[in-house]
Amino acid sequence: MRKDLLKLLDLTGEEIIEILDVADKLKAEQKAGIKHDFPQGKTLAMIFEKNSTRTRVSFETGIYQLGGHGIFLSSSESQLGRGEPIADTARVLSRYCDCIMIRTFGQDRVEELAKYATIPVINGLTDLAHPCQVLADLQTIREHKGKLAGLKACYIGDGNNMANSIIVGCMKVGMDVAIACPKAYAPDKMILDFAETVTDCTFTMTEDVIEAAKGADVIFTDVWSSMGMESEKKQREQDFAGYQINAEVMAAANEGCMVMHCLPAHRGEEITADVFEAHADEIFDEAENRLHAQKAVMYILMKNMEK
């Protein structure tokens, strides 16, 4: 695996499976109280330019469980918030720390951070991609289904960073993918171009929610209005009316179909309360696996730096 985790497009299917295998191992060790085989005293710098619950807690807990320490840096409290170039921040943090995680807006900021950093950089979320979330999703699906290749994933809603990463992550491990979204909210063109190149599984995009859900083994969704889109909320409520996981959608899917939601969930909008609660165990397994999947990413990237 390379130095950084910037987006799943950069990884091979084999590298994704390697991360999932390490995540399973670390999860089993943690549950059994076995100390992880990892160099002690590593430091993770965590840059937050977007608010977070799961990303911050899972990364900070994860580096602690690996025997290291996490440092929280908000944009408003660091020199980034006062205009320091991200290239300079990268070079400074590379002298102090062993790894950087950033949760921000543009993908270009993560890419520039990685260009100038001499230590691993992990994308904790950008407007383009949410790789750590989808790694946790894949880990959860494999735990529940026993496999990934040959399954069908369906995503309903905004063609946002989650949709982008679901398409890439699922197809790279051999899953068929169907996306249901309004035409004006399609996934990124770079992601759609990638999907056209994959030959060992299928990709479909439609405005018909039921058609997308037919034969699905796992159905994903996300909020209709992500962070930074608050001014679009009313318009998006109109545009996404009907793009909801509900009983009718679940009836079109395969028996035993899982539901995945990256949280927070807006019950009554992208998912009904009854469907959410019926699949709450899966959804909160998914949330827990953010911890284990991200520990695996840190474990692999920082161990690779020592070779």
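Helix H6 (residues 161-172) contributes three residues to the lining of the largest cavity, the most of any element. Helices here are DSSP runs of H or I with at least four residues, strands are runs of E with at least two, and both are numbered from the N terminus. The model is a predicted one, in which local features need pLDDT of at least 70 and side-chain atom pairs count only at pLDDT 80 or more, while totals for chains, interfaces and linings use all residues. Residues are numbered from 1 along each chain as its sequence is written, and side-chain values use heavy atoms, with hydrogens and water left out.

On a 1 Å grid over the protein atoms alone, a cavity is a set of points where a 1.4 Å probe fits but cannot get out; a pocket is an open set with protein on both sides within 12 Å along at least five of seven lines; and lining residues have an atom within 4 Å of a point. Grid points are joined across faces, edges and corners, and the volume is the space filled by probe spheres set on the points. With this rule, one cavity of 30 Å³ or more is counted, and the volume of the largest cavity is about 50 Å³. Its lining is made up of Lys-7, Leu-8, Leu-9, Leu-128, Ala-129, Asn-164, Ser-165, Val-168 and Ile-191. Sorted by class, these are six nonpolar, two polar and one charged residues, where Ala, Val, Leu, Ile, Met, Phe, Trp, Tyr, Cys and Pro count as nonpolar, Asp, Glu, Lys and Arg as charged, and the others, Gly among them, as polar.

Turning to the open spaces, the second largest pocket holds about 190 Å³. It is lined by 13 residues, and those closest to its centre are Leu-73, Ser-78, Thr-89, Val-92 and Leu-93. Strand E1 (43-48), strand E2 (69-74) and helix H3 (86-96) each provide at least two lining residues of this pocket, with H3 giving the most, at four. The lining of the second largest pocket has nine nonpolar, three polar and one charged residues.

The cysteines come next. A disulfide is taken as a pair of cysteine sulfur atoms within 2.5 Å, and the structure holds zero of them. For Cys-132, the closest cysteine sulfur is that of Cys-99, 9.7 Å away and therefore too far for a bond. For Cys-262, the closest is the sulfur of Cys-132, which at 13 Å is also too far for a bond. Buried means under 20% relative accessible area, exposed over 50%, and partly exposed in between, with a 1.4 Å probe and protein chains only. Cys-132 is buried, at 1% relative accessible area, and Cys-262 is buried too, at 9%.

Rings of Phe, Tyr and Trp (its six-membered ring) pair if their centres lie within 6.5 Å; planes under 30 degrees apart count as stacked, over 60 as edge-to-face and the rest as tilted. Six aromatic pairs are counted in this way. Phe-276 and Phe-284 have ring centres 6.0 Å apart and planes at 80°, so this pair is edge-to-face. Phe-276 is buried, with a relative accessible area of 1%, whereas Phe-284 is partly exposed, at 44%. One aromatic cluster is formed by Tyr-185, Trp-224, Phe-240 and Tyr-243.

Charges also sit over rings, which requires NZ of Lys or CZ of Arg within 6 Å of the ring centre and within 35 degrees of the ring normal. Phe-276 takes part here as well: the charged end of Arg-267 sits over its ring, 4.0 Å from the centre. Arg-56 lies over the face of Phe-72, 3.9 Å from the ring centre.

Finally, some backbone details deserve a look. Leu-263 and Pro-264 are joined by a cis peptide bond, with omega about 0°. Pro-264 is placed in the loop between strand E9 (258-261) and helix H11 (273-278). Leu-263, found in the loop between E9 and H11, has a positive phi of about 70° although it is not a glycine, and it is buried at 11% relative accessibility. Leu-125 is not a glycine either, yet has a positive phi of about 155°; Leu-125 is in strand E4 (residues 121-125) and is buried, at 7%. Gln-244, in the loop between helix H9 (233-239) and helix H10 (247-252), is buried with a relative accessible area of 17%. The C-alpha atoms of Gln-244 and Ile-271 are separated by 5.2 Å, although these residues are 27 residues apart along the chain.
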